[in-house]
Amino acid sequence: MSRIYNFSAGPAVLPLEVLQEAQADLVDYRGSGMSIMEMSHRGKEYMAVQEEAQANLRELLGLTDDYAVLFIQGGASLQFAMLPMNFLGRDAVADYVNSGHWAAAAIKQARLVGQVNQAANCEKDIPTRMPEASELTWTPGAAYAHITSNETISGAQWKSLPVTEAPLVADMSSDILSRPVDAANFAMIYAGAQKNLGPAGFALVVIRKDFAERGNKALPAMLRYTTHIENGSMYNTPPCFSIYMLALTTRWLKRFGLAQMHRQNVEKAARLYAAIDSGTFYRGTAAKAFRSDMNVTFRLPTEELEARFCEEASKAGLKGLKGHRSVGGIRASIYNAFPVEGVERLVQFMKDFEKRCG
Ligand SMILES: *Cc1c(COP(=O)(O)O)cnc(C)c1O
């Protein structure tokens, strides 16, 4: 077996233990004579898996019974549309913080439905960053306020999340469960699964039930949060295998502990930022106060060197380092499951590369 160090932004690395456990279970799931992908989603084996996934998430996120834990297909991108369709009435305003690519994508969908106020706009700022608290202008009586906790492409992350008067909604696709958050401050949190939770196939939606009740009741059933709540995320066939992988990943994370995982994430990122800051060859892309612990972005002196860096790193077993096509540069995505040794290997590679090409 030869596993590489996978710095891909998503779909992304999964814990080796989880992959091996899934492999052992694959052909004959616990004596059922079939795989988890082949059985009824309403049978007792699969129901137990989905219930465990939900219970693990409740524990890890510290959720009270006021919240529902939903799995909805269509990824984070469908949530960009479902959120305003449910809660942004024709005469209402929703506040959005425009912090970069993903926030802008959410705003674009909301504008198809209703009125958007940009509570702050640092979408195109260089260095990339999140807004300062003093820049934020919230609308009194807004239907909701939306933030993107971590901009996966630019590598900027909120270090302390705002608290708002309007119901606060966060796209946490790329840093969910990487650090403790106070879920009670949010009306809704959503995250595409394929970065820090498991394989692609759904978005996790954590929503306060009384907030969901305010949703537009004229929408088709699949687009209403209340439908998914009333049916325990089984209104239609859920993406069973992806949710099974989520159950294993959250079980793995519980063994580790979220506080410990957060310490390790901060430590991993700090090592890479120290390597970036050690000279003038590498340049961090994000403002220091907002550097992401999940997506570490940096530049080299020229695009030619960046291409060579990625090519040679790939040959050394360090893959997926090319920055997003819209911005270029280098991006090392180091989600929960990314091993500490992989970070050490990249730091060593960066030193060697600078010696040869700097
Ligand atoms: C990846 C990503 C998305 C898009 O997720 P899909 O599941 O592909 O729709 C949205 N927001 C953020 C912050 C992301 O990182």
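Reader: What should I know before I start?
Author: The model is predicted: local features need pLDDT of at least 70, side-chain atom pairs count only at pLDDT 80 or more, and totals for chains, interfaces and linings use all residues. Residues are numbered from 1 along each chain as its sequence is written, and side-chain values use heavy atoms, with hydrogens and water left out.

Reader: How do I read the polar contacts?
Author: Look for a pair of N or O atoms within 3.5 Å. A polar side-chain atom of Asp171 lies 2.6 Å from a ligand nitrogen. For Gln194, a polar side-chain atom is 2.9 Å from a ligand oxygen. Ala76 uses a backbone N or O atom, 3.1 Å from an oxygen of the ligand.

Reader: How much of the ligand does the protein cover?
Author: Accessible areas come from the Shrake-Rupley method with a 1.4 Å probe. On its own the ligand has 390 Å² of accessible area, and the protein covers 87% of that.

Reader: How do helix 7 and helix 8 cross?
Author: Axes are lines fitted to C-alpha atoms over the stretch in contact, and angles run from 0 to 180 degrees between N-to-C directions. The axes of helix 7 (residues 240-256) and helix 8 (residues 258-277) come within 6 Å and cross at roughly 85°. Angles of 65 to 115 degrees count as roughly perpendicular, so the two helices are roughly perpendicular to each other.

Reader: Which residues meet there?
Author: Contact means heavy atoms within 4.5 Å. Trp252, Leu253 and Phe256 in helix 7 meet Leu258, Gln260, Met261 and Gln264 in helix 8.

Reader: Where are the cis peptide bonds?
Author: Most peptide bonds are trans. A cis bond joins Gly10 and Pro11, with omega about -5°. Another cis bond joins Ile126 and Pro127, with omega about -5°. Pro127 sits in the loop between strand 4 (115-121) and strand 5 (145-148).

Technical notes: Polar contact = N/O pair within 3.5 Å; in protein donor to acceptor, adjacent residues only side chain to side chain. Helix = DSSP H or I, 4+ residues; strand = E, 2+ residues; numbered from the N terminus. Parallel < 35°, antiparallel > 145°, perpendicular 65-115°, else oblique.
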